[in-house]
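Hi,

Here is the two-chain model I promised to pass on.

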Amino acid sequence: MTEQNIRVLIAKPGLDGHDRGAKVIARALRDAGMEVIYTGLRQTPEMIAEAALQEDVDAVGLSILSGAHMSLVPRVMELLRAQGQEDVCVFVGGIIPERDIPALKELGVRAVYGPGTSTAQVVEDLKQAVFCPPAA
Amino acid sequence: MGLVEQVLAGDRLALARLLTQIENDTPEGREALDRLFAFTGRAHLVGVTGSPGTGKSSLVNQLARAFRQPEDGSDPVRVAILAVDPSSPFSGGALLGDRVRMRDLSGDPDVFIRSMASRGALGGLARATAALSQALDAAGYPLILIETVGAGQSEVDIARLAHTTIVVESPGMGDDIQAIKAGILEIADILVVNKADRPGVENTERALRAMLDLGHPAAHKHGPSLGAGEAEPAAEQGWVPPVLRAVSTRGEGVAEIAAAIRRHGEYLRSSGLWQQREKLRLESELDALLRDLLARRWRAGLDEDLYRQTFDGLLQRQISPLQAAETLLRQAESETSNPTRAS
């Protein structure tokens, strides 16, 4: 697999309309040579899981600024697992309080990015995660 | 159970994974295609092309809905969508955003949407689009909508792949000279003037109709003793592309486009053109494959030193590109005719 073939879904679940962060990340991943499927605002977990399946992505990035991450993320993880995509690398960005990060990681989220994260770091982490998946 | 069997049994994750294998041209993907080919040839491939921003994705979204919930009481059809967006010429990456306009379709298990990056191909499709459409065909989608890269004037590969090609225009995109230029408008089986709620729609429509009149003078609506109406061209005069208005964000005019797609499918089948197009398509696919395989095989057997030497000559402008190609070809030919000489 080369970088060209990494496919990433960038999705914004929930009801907040702030998609700047999602777009910045989508653009950075594109510039790093990845194929980014961008689905736009106000996606339900079901829509995200369905897109992840049809597009056979290696990774899913969820951007959440509404504070609803503790209900949206578990649902996405559950749906991905139910459809046989537990190997997909899920990362979360947005406004996520420090105290929630361990619980998200417990669910299988590979990384959580807050404001000020450099896009280069996201790109590096993602390449690492896709090329070296965790032992099942 | 292998991937192919799972796909034939209707497993959507297996289908998605197989599409990836085919797109990446892996040995598994190639083998699966070989086995699936016997199950292809059933789907109606409909291409949707046009300039960037004319509303192709929104139209595809609405068309898929129209075929899933037909207003005329016909049976709903399973729909697959292949949406191609350009790859960056610099990074090779891509931002595939066609799904943004297709959110209405989510939750319907009988719609399968797949985004594709063009990966450097220039004709408006990706190199693997034909192969992916074959896999979707074998997976039992009788209607496959293929949305091209936003196309300008000469990205016409879609006409070779699709049975029915829809060219989407919108008001304010140029005068009637644009409309009689060769290229994209020539390939249209159905012309759609989208965003028809915008000013200038009459001008666009008139330019397109005038262009059609130049090409199909017999179909002129004022002509005497035309047996059939404009919308139902008589078989002997061929198919005259209808010009249809739409406002795809609101779904207006979409039922008429869906009906035109059905009509065009029937026309192709009853006139024998379906088989003819199929034949041309497979022929050009075989030719392209032969060229590709021959070039690759020949290149693999070429003496690297000779290649570099010849290329240096070219770089220093001692020989022209054509001379360089001929030198290398000559060398390879003499080696194949005297295989013992090299040893």
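Strand S6 (residues 164-169) of chain B has six of its six residues buried, so it is largely enclosed by the rest of the structure. Buried here means that 20 or more other C-beta atoms lie within 10 Å of a residue's own (exposed is 12 or fewer, partly exposed is in between), with C-beta atoms placed from the backbone.

Before the rest, some housekeeping. This is a predicted model, in which local features need pLDDT of at least 70 and side-chain atom pairs count only at pLDDT 80 or more, while totals for chains, interfaces and linings use all residues. Residues are numbered from 1 along each chain as its sequence is written, and chains are lettered from A and ligands numbered from 1 in the order in which they are written.

Back to S6(B): both of its faces are covered, with B:Thr164, B:Ile166 and B:Val168 buried on one side and B:Thr165, B:Val167 and B:Glu169 on the other. Strand S1 (residues 44-50) of chain B runs parallel to S6(B) and is joined to it by five bridges; strands count as paired if DSSP finds at least two bridges between them. S6(B) also pairs in the parallel sense with strand S7 (residues 190-193) of chain B, over four bridges.

As for chain B overall, it has twelve helices and eight strands, and 39% of its 343 residues count as buried. An automatic or database domain assignment divides it into domain 1 (1-37), domain 2 (40-220 + 228-281) and domain 3 (289-337). The centres of domain 1 and domain 3 of chain B, taken over C-alpha atoms, are 36 Å apart.

Now for the part where the chains meet. An open sheet of six strands with parallel pairing runs in the order S5(A)-S4(A)-S3(A)-S1(A)-S2(A)-S3(B). Its edge strands are S5 (111-113) of chain A and S3 (94-96) of chain B, each pairing on one side only. Neighbouring strands are turned by 20° against each other on average, direction ignored; axes are lines fitted to C-alpha atoms (for helices over the stretch in contact), and angles run from 0 to 180 degrees between N-to-C directions.

Strand S2 (residues 35-38) of chain A pairs in parallel with strand S1 (residues 7-11) of chain A over four bridges, and with S3(B) over three bridges. A:Ile37 is the bridge partner of A:Leu9 and stands opposite B:Leu96 in S3(B).

How many residues of each chain are in contact? It is 25 residues of chain A with 25 residues of chain B, where contact means C-beta atoms, placed from the backbone, within 7 Å. H1, S2 and H2 of chain A are the elements giving two or more residues to chain A's side, and H2(A) gives the most, with seven.

One last check, on helix H1 (residues 20-31) of chain A. Its twelve residues should span 16 Å at 1.5 Å a residue, and its end C-alpha atoms are 16 Å apart, which agrees; the expected span is 1.5 Å times one less than the number of residues. Just after H1(A), A:Gly33 takes a positive phi of about 95°.

Cheers

Definitions and conventions: Contact = placed C-beta atoms within 7 Å.
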